[in-house]
Amino acid sequence: MTYNIAVLPGDGIGVEITEQAQRVLAALGLDLSMTTAPVGGAAYDQHGHPLPASTLELAKSSDAILFGAVGDWKYDKLERALRPEQAILGLRKALGLFANLRPAILYPQLANASSLKPEVVAGLDILIVRELTGDIYFGQPRGLRTAEDGAFKGERQGFDTMHYAESEVRRIAHVAFQAAAKRSGRLCSVDKANVLETSQFWRDIMVDVAKEYPDVALSHMYVDNAAMQLVRAPKEFDVVVTGNLFGDILSDEAAMLTGSIGMLPSASLNASNQGLYEPSHGSAPDIASQNIANPLATILSAAMLLRYSLNEPEQAARIEKAVQAVLEQGLRTADIHEPGTTKVSTSDMGDAVLKAL
Ligand code: NAI
Ligand code: MG
């Protein structure tokens, strides 16, 4: 069986890092058909749109998408609909990518990269499952109005609407329970049920879905407490599931616990396990085209692609082991370099992973 993979390198370091991930995928001996298309600013330059119809069609017809990163200051003056970031939003919407999986792993070899004490973070391996297509980011109505009554009557007022439909909560719950079942069997649902109706509803549905997963222990935590616990004792978490707004913030917080944004992959999945895989970082225009970016987040995203969209967990594990091996050899790109280790370029790092494979 041939797997079709759309490769969308995008802008900045996106080009350099997807090249390395592609080399790794190609070396596995699987029957992969990889097709590259422009996205983001690169697509705007060529086609006048960040997500041209041809790129969207390719993405839709593929089993999975390997995505680099998009964005550059030079597009800041474009109207919002033509900005590079719109490509990601467009892909999420067109493919229904509602489940965002963001692992935060601290490799033992990089324990010093974290700003937290080594004993607090050593061995950290958590997974944040963020709902990606609902919540206050997309709720209607939203906008500006003049307050008609109350203490601020007559004043201009900005407003947004938070809501979740039952089916939206159920489907993200299933993704999270299944992920937890494959890991430690612990799932923490984060909400603000003491204040928000949406959160109480979310919590009730989580409790209901839990009945289908007797082997997973479900707990609940308020988001403000979760933000504290993540820096106090992050290893007490395993899988965390939360809504779009809270997940946006907590997944970035969890990423920073590891101190190495160049190491963190992500997956965004839809109901048929089609997915978009990309590093957690952006296009890093400050270091683009210098062959110094860390390709490991993208290589690890390719591993997630194998695990979640192609159902090739052994191949995914091979890549993850190879990454561990290069870290063990002391090889480091500039972002994770420290005294006593060997500084290597983007392509050298790709070479080393291939060799370790
Ligand atoms: P960024 O993640 O691109 O960079 C932040 C800092 O981390 C920079 O100093 C950069 O050099 C460094 N960095 C990031 N990835 C690295 C890697 N693989 N290896 C070594 N160093 C790395 O975030 P920033 O600077 O806020 O945004 C730059 C552009 O990226 C903007 O246009 C932004 O909109 C876009 N962006 C795109 C995302 C995406 O495509 N999903 C996500 C985040 C930002
Ligand atoms: Mg964010």
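The structure is a predicted model, in which local features require pLDDT of at least 70 and side-chain atom pairs count only at pLDDT 80 or more, while totals for chains, interfaces and linings use all residues. Residues are numbered from 1 along each chain as its sequence is written, and chains are lettered from A and ligands numbered from 1 in the order in which they are written.

The C-alpha trace spans about 65 × 50 × 45 Å along its principal axes. Of the 357 residues, 46% are buried (20 or more other C-beta atoms within 10 Å of the residue's own, C-beta atoms being placed from the backbone). The secondary structure comprises 12 helices and 14 strands (DSSP runs of H or I with at least four residues, and of E with at least two, respectively).

An automatic or database assignment gives domain 1 (1–99 + 264–357) and domain 2 (115–258). The centres of domain 1 and domain 2, taken over C-alpha atoms, are 26 Å apart. Contact between them involves 9 residues of domain 1 and 9 residues of domain 2 (C-beta atoms, placed from the backbone, within 7 Å).

Around ligand 1 there are 21 residues, of which Gly71, Gly262, His281, Gly282 and Asn294 come nearest (a residue is near if its C-beta atom, placed from the backbone, lies within 6 Å). This shell contains 10 nonpolar, 6 polar and 5 charged residues (Ala, Val, Leu, Ile, Met, Phe, Trp, Tyr, Cys and Pro are nonpolar; Asp, Glu, Lys and Arg are charged; the others, Gly among them, are polar).

Conventions: Two residues are in contact if their C-beta atoms, placed from the backbone, lie within 7 Å. A residue is buried if 20 or more other C-beta atoms lie within 10 Å of its own, exposed if 12 or fewer, and partly exposed in between; C-beta atoms are placed from the backbone.
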